[in-house]
Amino acid sequence: MTKLDQIRLYLDQKGAELAIFSDPVTINYLTGFFCDPHERQLFLFVYHDLTPVLFVPALEVARASQVVDFPVFGYVDSENPWKKIKTILPNTAAKTIYAEFDHLNVSKFQGLQSVFSGQFNNLTPYVQEMRLIKSADEIDKMKIAGQFADKAVRVGFDNISLKVTETDIIAQIEFEMKKQGINKMSFDTMVLTGTNAANPHGIPGTNKIENNALLLFDLGVETLGYTSDMTRTVAVGKPDPFKMDIYNLCLEAQQTALDVIKPGITAAQVDDAARQVIEKAGYGDYFNHRLGHGIGMDVHEFPSIMAGNDLILEEGMCFSVEPGIYIPGKVGVRIEDCGHVTKDGFEVFTHTPKELLYFEG
């Protein structure tokens, strides 16, 4: 059964006539075609009993037509996309419609309502469920993305110097990845020195790399349609014993969580395993985010590995494990690997060593 057949079956089960997809990543997942429409409109219309229709900006029609085997329609910038959609679709009288609520903004939703008078329902949970369990092919692609993340962070390590800034190192990482055929990082690369790393989502800048401090790298790449995400914290010079203790505590928390992952336990139990280590040491207030997030074609996907999530883990689920301890003005540490649930454990996609690495100041 193809992915589009799964959507048709879902519509039949719900007594619905039409599913509308607007997230470019979901459309890629279902069809193999990807484009970023920017401010333009992009939709995949899947009927329960009619041929699908892909609606794209006019400049994407030729490329899309080479990828999908069903009708592709486009519109030029001077056209009203909603009027065009109404004229090209085989049926706009659907009474029950499913759409990706998590991706629709108000203007898109109002535009669709000008075309369809039926009742809209949320398709996002079903899409999340579809994408939750990765196939062997998907996992192989994520392993490749992980290998490139390992290469990227090694470039960062090789450029550590007290003479350079955070953004200098980022520039070298991304330049080298371009040379290796990586067109896009999974997210804005983060290199954070000293106390700047005490902000979980710190902003890199012109800060010179600090001596006798920790240095945090958070990065990932997108390749073959799939993403990677990893974090490593390393030592520059000789950080004081307090910083070393925080690092070792974070590493213990991550390893504890990795060790408990297997099919049958819940996402909340994995989060709790890491959190207990940090809380028992008295730093629970400084671990202020969930333990992990799903990953796949998007760098942040369903599910969240966090307290209160009783989702039972299954083989093929992919997510990050990234405990962090952030003490404002003093130190920030995060250690992260993404991986997939196996029949009896968890296999990570990134393999850069996690014993604390030291670099000369």
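**Figure 1. The largest nonpolar core of the predicted model has 36 residues.** A nonpolar core is a set of buried Ala, Val, Leu, Ile, Met, Phe, Trp, Tyr and Cys residues joined through side-chain atoms within 4.5 Å. Buried means under 20% relative accessible area, exposed over 50%, and partly exposed in between, with a 1.4 Å probe and protein chains only. Ile-7, Phe-21, Leu-30, Leu-44, Leu-54 and Leu-123 touch the most other members of this core. At least two core residues come from each of helix 1 (3-14), strand 1, helix 2, strand 2, strand 3, helix 6 and helix 7 (136-158). Helices (H or I, at least four residues) and strands (E, at least two) are DSSP runs, numbered from the N terminus. Another core, of 34 residues, lies apart from this one and includes Leu-214, Ala-257, Ile-305 and Val-333.

The model is predicted: local features need pLDDT of at least 70 and side-chain atom pairs count only at pLDDT 80 or more, while totals for chains, interfaces and linings use all residues. Residues are numbered from 1 along each chain as its sequence is written, and side-chain values use heavy atoms, with hydrogens and water left out.

Figure 2. Contact means heavy atoms within 4.5 Å. Met-130 lies in helix 6 (residues 124-132) and counts as buried because its relative accessibility is 10%.

**Figure 3. An open sheet of six strands, in the order 4-3-2-1-5-6.** The pairing is mixed; two strands pair if DSSP finds at least two bridges between them. Strand 4 (72-75) and strand 6 (119-122) stand at the edges with a single partner strand each, so one side of each has no neighbour in the sheet. From one strand to the next, the twist averages 25°. Strand 1 (residues 18-21) pairs with strand 5 (residues 96-99) in the parallel sense over three bridges, and the bridge partner of Ala-19 in strand 5 is Tyr-98.

**Figure 4. Helix 4 and helix 5 lie across strands of the sheet.** Axes are lines fitted to C-alpha atoms, for helices over the stretch in contact, and angles run from 0 to 180 degrees between N-to-C directions. Helix 4 (residues 81-88) lies across strand 2, strand 3 (53-57) and strand 4, at about 155° to strand 3. Helix 5 (residues 106-115) lies across strand 1, strand 2 and strand 6, at about 140° to strand 6.

**Figure 5. Polar contacts of Asp-337.** A polar contact is a pair of N or O atoms within 3.5 Å; within protein, one must be able to donate a hydrogen and the other to accept it, and residues adjacent in sequence count only if both atoms are side-chain atoms. Asp-337 lies in strand 18 (residues 337-341) and counts as buried because its relative accessibility is 0%. The Asp-337 side chain makes a polar contact of 3.0 Å with the side chain of Gln-254, and another of 3.0 Å with that of Lys-354.

**Figure 6. Backbone geometry at His-38 and at Phe-302 and Pro-303.** Most residues other than glycine have a negative phi, and most peptide bonds are trans. His-38 has a positive phi near 60° and is found in the loop between helix 2 (24-31) and strand 2 (43-47). The peptide bond joining Phe-302 and Pro-303 is cis, with omega about 10°.
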